[in-house]
Amino acid sequence: ALASGAVIYSRITRESAELLGLKQGSTVLALFKATGVKVAAYIPARDGDNLLHGHVSQVAAFAEDREIGLALSPELRLTGFAEQGAQLAEGDAAMASIEESSVVIAISG
């Protein structure tokens with residue numbers, strides 16, 4: 001759970017959970033590569049996807065994709081990619097989609 005109340009789910013094996021010593025209420029870090037984050041103005045809900053809402057904080061255009069910085073809250077930001085032709089600008093409301101299987105869990109502290 002994030003401070004905002006949003007929840008990020010990760011799909012991991014039981015063996016991995018045991019090796020990490022995960023327990024109900026454990027504090028963890030959720031890690032994922034920017035290439036695993038799809039950003040768009042609207043993304044329909046699908047099973048197995050984490051959907052996060054925020055505002056575009058940065059846009060960088062490349063040949064095939066657009067790298068988008070998304071502010072989820074004043075202190076929490078992520079980076080992902082929008083499809084070419086996506087009409088996103090700084091300040092726009094947008095969503096990020098991250099597959100549960102793309103979220104890696106690490107023990108915090």
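## Overall layout of the chain

From the N terminus on, the elements of this predicted model follow the order α-β-β-β-β-β-β-β, which amounts to one helix and seven strands, where helices (H or I, at least four residues) and strands (E, at least two) are DSSP runs numbered from the N terminus. Because the model is predicted, local features need pLDDT of at least 70 and side-chain atom pairs count only at pLDDT 80 or more, while totals for chains, interfaces and linings use all residues. Residues are numbered from 1 along each chain as its sequence is written, and side-chain values use heavy atoms, with hydrogens and water left out.

Taken along the principal axes, the C-alpha atoms fill a box of roughly 45 × 25 × 25 Å. Of the 109 residues of the chain, 28% count as buried, a word that stands for under 20% relative accessible area, with exposed meaning over 50% and partly exposed in between (1.4 Å probe, protein chains only). Among contacts (heavy atoms within 4.5 Å) between residues at least 6 apart in sequence, 67% join residues at least 24 apart.

A nonpolar core is a set of buried Ala, Val, Leu, Ile, Met, Phe, Trp, Tyr and Cys residues joined through side-chain atoms within 4.5 Å. The largest one has 16 residues, and Val 39, Leu 70, Leu 78 and Leu 88 touch the most other members. Two or more residues come to this core from each of β2 (37-40), β3 (49-61), β4 (65-73), β5 (76-83) and β6 (93-99). Leaving aside neighbours within four places in sequence, Leu 70 is in contact with residues including Leu 52, Val 56, Leu 78, Ala 94 and Met 95.

Strand β4 also holds Arg 66, which is buried, with a relative accessible area of 17%. Arg 66 and Thr 27 lie 39 residues apart in sequence and 33 Å apart in space, C-alpha to C-alpha.

## Salt bridges

Side chains of opposite charge can pair when their charged atoms come close. The whole structure contains two salt bridges, each being a side-chain nitrogen of Lys or Arg within 4 Å of a carboxyl oxygen of Asp or Glu.

| Salt bridge | N to O distance |
|---|---|
| Glu 100 and Arg 11 | 3.2 Å |
| Asp 49 and Arg 46 | 3.1 Å |

The pair of Glu 100 and Arg 11 links distant parts of the chain, 89 residues apart, with Glu 100 in the loop between β6 and β7 (104-107) and Arg 11 in the segment before α1 (14-20). Glu 100 is buried at 18% relative accessible area, whereas Arg 11 is exposed at 56%. In the other pair, Asp 49 counts as buried at 15% and Arg 46 as exposed at 53%.

The largest pocket has a volume of about 550 Å³ and is lined by 19 residues, of which Ala 1, Leu 2, Ile 8, Val 28 and Ala 30 lie nearest its centre. The elements giving two or more residues to this lining are β1 (28-31) and β5. Here a pocket is an open set of points on a 1 Å grid over the protein atoms alone, where a 1.4 Å probe fits, with protein on both sides within 12 Å along at least five of seven lines, and lining residues have an atom within 4 Å of a point. Grid points are joined across faces, edges and corners, and a volume is the space filled by probe spheres set on the points. The lining of the largest pocket divides into 15 nonpolar, three polar and one charged residue, with Ala, Val, Leu, Ile, Met, Phe, Trp, Tyr, Cys and Pro taken as nonpolar, Asp, Glu, Lys and Arg as charged, and the others, Gly among them, as polar.

The second largest pocket holds about 190 Å³ of space, and its lining includes Arg 46 and Asp 49.
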